[in-house]
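Please keep the sequence and the structure in view while reading.

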Amino acid sequence: STVEKQASGRLGAQVQLENYRLDLSTLSLDLYGLTIHGASPYPNPPLLQVQHAAVSVRVVSLLQRKWYLDTFRVDRPVVNVFTDAHGISNIPVLKSSGGGSHTSVFDLGVRHAVLQDGEVYYNNRKTPLEADLHGLDFQSSYDSLLQKYSGHLSYQDGLLRTASFNPVPHRLDARFDATPSEFHLTGAKISSGSSLLSFTASLNDYSHPRIQAHYEATLDGSEIRHILQNPSVPAGLLQTSGSLRYQETPGLPLVKALALDGELSSNQLWLQTPQLRAEVQDLGARYSLQNGDAAVRGLHAHLLGGEVAA
């Protein structure tokens with residue numbers, strides 16, 4: 001009851017906990033039935049429900065007070081994020097405890113983090129998610145004068161699972177800023193094997209999102225073939241870069257609200273389908289997507305002993 005009262009007061013939203021188990025011999029804590037309701041005026045459905053969460057601590061030195069989180073596990077978390085037409089959301093605002101404007105809100109280092117059977121709902125849109133992360137590091141600070149969070153998120157040996165694809169082993173390093181009206185990814189890198197994606201992005205107006213992003217990527221076709229379970233994906237390295245824009249408009253399909261411009265190139269690709277086996281060299285093209293129309297311009301490649309331009 002003490003934890004519920006203090007957490008509810010700090011968040012400005014009701015927090016409930018069914019049970020917990022503290023094991024001092026292993027320095028571990030298990031939480032059961034954690035519920036965090038949404039901020040007023042949208043307390044229900046709850047913002048977060050967790051069936052079970054566990055954390056264990058490893059002490060490095062008692063004299064020097066050095067320790068770290070050894071494991072962090074969350075089972076069956078369900079997140080419901082809602083934003084109305086006026087931009088009012090159900091996300092609580094952490095109440096300041098006073099002091100300077102720059103206050104460390106969260107500094108977290110975890111050797112092994114696991115998220116199992118997760119579901120994320122944004123305005124009633126469901127996304128299933130499972131993750132197994134190693135070396136998770138999350139740091140965030142809050143500037144009360146600017147009402148801005150700034151942070152850094154990274155992990156090694158991550159594994160994502162969805163219903164449609166094979167597990168995706170990867171690494172992530174990202175820096176961000178967030179205010180009540182904007183979210184900025186000031187730099188993010190995701191790598192998986194030989195594939196690398198780096199991008200910056202900004203999101204404005206959470207109720208009707210406007211997104212702008214710039215990206216550069218090197219994609220390994222063999223890895224994508226395995227992830228997508230599609231043997232017709234060409235093998236080889238493909239480079240691409242460009243920009244993306246999105247404006248949510250009621251009644252407008254995603255493909256018409258999305259604008260994409262970019263270029264791609266590859267020194268060498270290998271095609272393998274039931275109908276064709278061939279090597280493609282010096283591939284290049286520009287592509288765009290506007291108002292639901294896709295266009296490819298300046299396509300050129302060496303193929304089957306000749307040259308293709310289109």
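## Terms and basis

Two strands are said to pair if DSSP finds at least two bridges between them. Helices (H or I, at least four residues) and strands (E, at least two) are DSSP runs, numbered from the N terminus.

This is a predicted model, in which local features need pLDDT of at least 70 and side-chain atom pairs count only at pLDDT 80 or more, while totals for chains, interfaces and linings use all residues. Residues are numbered from 1 along each chain as its sequence is written, and side-chain values use heavy atoms, with hydrogens and water left out.

## Overall make-up

The protein has 310 residues, and 31% of them are buried. Buried means under 20% relative accessible area, exposed means over 50%, and partly exposed lies in between (1.4 Å probe, protein chains only). The secondary structure comes to 3 helices and 16 strands. Along its principal axes the C-alpha trace spans about 75 × 45 × 35 Å.

Contact means heavy atoms within 4.5 Å. Of the contacts with a separation of 6 or more, 43% are between residues 24 or more positions apart.

## Strands S7, S8 and S9

Strand S7 (residues 148-161) pairs with S8 in the antiparallel sense over 10 bridges. S8 also pairs with S9 in the antiparallel sense, over 8 bridges. A hairpin of 3 residues joins S8 to S9.

Arg175 marks a place where these pairings can be followed across the strands. Arg175 in S8 stands opposite His152, and Arg175 also stands opposite Gly187 in S9.

## Nonpolar cores

A nonpolar core is a set of buried Ala, Val, Leu, Ile, Met, Phe, Trp, Tyr and Cys residues joined through side-chain atoms within 4.5 Å. The largest one has 10 residues: Ala113, Ala131, Leu133, Leu136, Tyr155, Leu172, Ala174, Phe176, Leu185 and Ala188. Strand S6 (125-143), S8 and S9 each supply at least two residues of this core. Another core lies apart from it and has 6 residues, including Val15, Leu34, Ala53 and Val74. In soluble globular proteins, nonpolar side chains tend to be buried together.

## The second largest pocket

On a 1 Å grid over the protein atoms alone, a cavity is a set of points where a 1.4 Å probe fits but cannot get out; a pocket is an open set with protein on both sides within 12 Å along at least five of seven lines, and lining residues have an atom within 4 Å of a point. Grid points are joined across faces, edges and corners, and a volume is the space filled by probe spheres set on the points. The second largest pocket holds about 330 Å³ of space.

Its lining has 14 residues, of which Val168, Ser192, Ser195, Leu219 and Ile227 lie nearest the centre. Two or more lining residues come from each of strand S8 (168-178), strand S9 (182-192), strand S10 (195-204), strand S11 (210-220) and helix H2 (221-228). H2 gives the largest share, 4 residues. The lining divides into 8 nonpolar, 4 polar and 2 charged residues. Here Ala, Val, Leu, Ile, Met, Phe, Trp, Tyr, Cys and Pro count as nonpolar, Asp, Glu, Lys and Arg as charged, and the others, Gly among them, as polar.

Ser202 lies in strand S10. Ser202 counts as buried because its relative accessible area is 15%. Not counting residues up to four places away in sequence, Ser202 touches Phe183, His184, Arg210, Ile211 and Gln212.

Asp30 lies in strand S2 (residues 28-36) and is buried, with a relative accessible area of 8%. Leaving aside neighbours within four places in sequence, Asp30 is in contact with Asn19, Tyr20, Arg21, His52, Ala53 and Ala54. Asp30 and His170 are 140 residues apart in sequence and 28 Å apart in space, C-alpha to C-alpha.

## Backbone exceptions

Most residues other than glycine have a negative phi, and most peptide bonds are trans. A cis peptide bond joins Ser40 and Pro41, with omega about 10 degrees, and another cis bond joins Asn44 and Pro45, with omega about 0 degrees. Pro41 sits in the loop between S2 and strand S3 (48-61), and Pro45 is found in the loop between S2 and S3.

Gln229 has a positive phi, near 60 degrees, and lies in the loop between H2 and strand S12 (235-247). Asp282, in strand S14 (residues 277-290), has a positive phi of about 50 degrees. At 39% relative accessibility, Asp282 counts as partly exposed.
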